[in-house]
Structures are given as C-alpha cells and as structure tokens.
Amino acid sequence: MTKKLSLLFTLSVMLLLFSGCVEREISISPQSGLNAWGEETNVNDIDISDLDQNLTESETMITEDMDTEKMERIAFPTSEYYRLARTGKGTVKGSIYVKDAYDKKIMGAGTRLYLNPATSYSDQWFRESYLGGYKMEKADSRLFNYLRFTAANSDGKFAFYGVPSGSYYLIGTVKCGTECGYDTPKNIRIATKVSVYGNKIVEKDLNRFVD
C-alpha cells in the first residue's frame, strides 16, 4: 500500500510540472568579463575639465564663453597615441604664475597641471582653442589615458618625474581675482610646448601677463 501511495505521489508531481501548474524558475548568471569599460566607469568621473573650461582664452585675451557653436575636433588618432612611449626618466619642473602690469607675480598655488603629448589631436586644441580662442567640443575620454598630472605647491612650484622622451603641451590654470584687477575671480589657462629627452631635467616656468 505504501509503495502504491509513493508511486501515485510521484506521478502527481510529474503531471504538475509538465502541465505548467508549477512555475520553474530559471536564472541566468552573466558571464564574467562581458562588462565594457564604459559600463563600469562613469566618464563624468574623469576630470579633464581643463580641456573644456567655460572660459576660452588666447595668448592676449580672456573672453567669457558665449552661446556659440563649438568647433568639431578631428578624429582621435589612435595610431599616434599607440606609438607614444609610456615610461621614461625625464623631469619637467618650474613655477606657474601670472604677472600684472607692474610685473608682479601671482603664483598658482596648489593648482593642477598636466602634460598633454603633442599629436595632431592636441596640436588642433593648442592652435584653435588656446591660441585662437575657439570653444571646442568635449575631448575624447581616451585622451585621459595619456595625460600626466601633478600639482603645484603653495609657492607655485611643480615637477613631473618619469616623463618619457617626446614633445608635450605643458598646461595649467591660475585662479586670479582682485589681485589681477578682476571684479570676480577668473581661471587663466596657460600652455606652452616642451620637449623631453632621455633623463634630462627640463626647467620651464608656465606664465603669462594679464591685462
């Protein structure tokens, strides 16, 4: 009798399963390694805002950003960046400051600076945005992988170590207000080109006059 009851119970369960009265839950785990870099990293967390500030500047003037069409950047030259050396022994050091009409120095204390490798991509930025004063579209996020950052001390002195041989745009920003004659503080971007070879020490101040 017990065997018959067991058999009937087993048959009843099988009928319920195949008839759909009991819902079978199937879970599929995502395969590891399928998440793209963009899914794990928020591009907005990558701060390269110095490349796209609300102020556009040239060598001789600072103008407020206006509601104008932004200049299109050239396609990111992957092959050029791929050929860049990633390690080196060079040093770039100096001071960052602006000078007023009386030749007084206003130091960029604690400001961030970066080295941007000279390529056709950064050449366009330097020519059109920094010198020409045009507002450009946001830089390709891949550029962040090739920038080298440092920060100036309280005296405006900075240094980059372990710099690979090559040419770079040395870029920094000095925040200046009433000491520069402005009613409200302005971010004054400064950029210049430097070249590094082997283990040489390149001494280069980053400075400009303010009107």
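Biologist: What makes D140 and R142 a salt bridge?

Modeller: The closest N and O atoms of D140 and R142 are 2.9 Å apart. The cut-off is within 4 Å, so the pair qualifies. Bear in mind that this is a predicted model.

Biologist: Why is D140 called partly exposed?

Modeller: D140 has 22% relative accessibility. Buried means under 20% and exposed means over 50%. D140 falls in between, so the label is partly exposed. R142, with a relative accessible area of 39%, is partly exposed by the same rule.

Biologist: How many salt bridges does the structure hold?

Modeller: It holds 3. One of them joins the side chains of E128 and R127, at 3.3 Å from N to O. R127 is partly exposed, with a relative accessible area of 46%.

Biologist: How do you know that D103 and K99 form a salt bridge?

Modeller: Their side chains meet at 3.5 Å, N to O. That is within the 4 Å limit, so the pair counts.

Biologist: Is K99 buried or exposed?

Modeller: K99 is at 15% relative accessibility. The limit for buried is under 20%, so K99 counts as buried.

Biologist: What is the phi of D103?

Modeller: The phi of D103 is positive, about 70°, although D103 is not a glycine. Most residues other than glycine have a negative phi. D103 sits in the loop between strand 3 (90-99) and strand 4 (105-107).

Biologist: How do you know that strand 5 and strand 8 pair?

Modeller: 5 bridges join strand 5 (residues 112-117) to strand 8 (residues 166-176). Pairing needs at least two bridges, so these strands pair. They run antiparallel. In one of these contacts across the strands, L113 has G172 in strand 8 as its bridge partner.

Biologist: What is the strand order of the open sheet of 4 strands?

Modeller: The order is 6-5-8-9, with antiparallel pairing.

Biologist: Why are strand 6 and strand 9 called edge strands?

Modeller: Strand 6 (148-151) and strand 9 (186-196) each pair on one side only. On average, neighbouring strands of this sheet are turned by 20° against each other, direction ignored.

Biologist: Which helix packs on the sheet?

Modeller: Helix 4 (residues 120-131) does, touching strand 5, strand 8 and strand 9. The direction of helix 4 makes about 140° with that of strand 9.

Biologist: Which residues touch the most other members of the largest nonpolar core?

Modeller: I96, V98, L113, L115, F160 and L170 do, out of 38 residues in that core. Two or more residues each come from strand 3, strand 5, helix 4, strand 7 (157-163), strand 8 and strand 9. Strand 8 gives the most, with 6 residues.

Biologist: Which residues is L170 in contact with, leaving aside its neighbours within four places in sequence?

Modeller: Its contacts include V92, L113, L115, F158, F160, I190, V194 and L206.

Biologist: How much of the chain counts as buried?

Modeller: Of the 211 residues, 36% do. The chain exposes about 13,700 Å², and carbon and sulfur atoms supply 52% of that area.

Biologist: How many helices and strands are there in the chain?

Modeller: The chain has 4 helices and 11 strands. Among contacts with a separation of 6 or more, 76% join residues 24 or more positions apart.

Conventions
Residues are numbered from 1 along each chain as its sequence is written. This is a predicted model: local features need pLDDT of at least 70, side-chain atom pairs count only at pLDDT 80 or more; totals for chains, interfaces and linings use all residues. Side-chain values use heavy atoms; hydrogens and water are left out. Buried means under 20% relative accessible area, exposed over 50%, partly exposed in between (1.4 Å probe, protein chains only). Contact means heavy atoms within 4.5 Å. Accessible areas come from the Shrake-Rupley method with a 1.4 Å probe; for residues, only the protein chains shown count as cover. Axes are lines fitted to C-alpha atoms, for helices over the stretch in contact, and angles run from 0 to 180 degrees between N-to-C directions. A nonpolar core is a set of buried Ala, Val, Leu, Ile, Met, Phe, Trp, Tyr and Cys residues joined through side-chain atoms within 4.5 Å.
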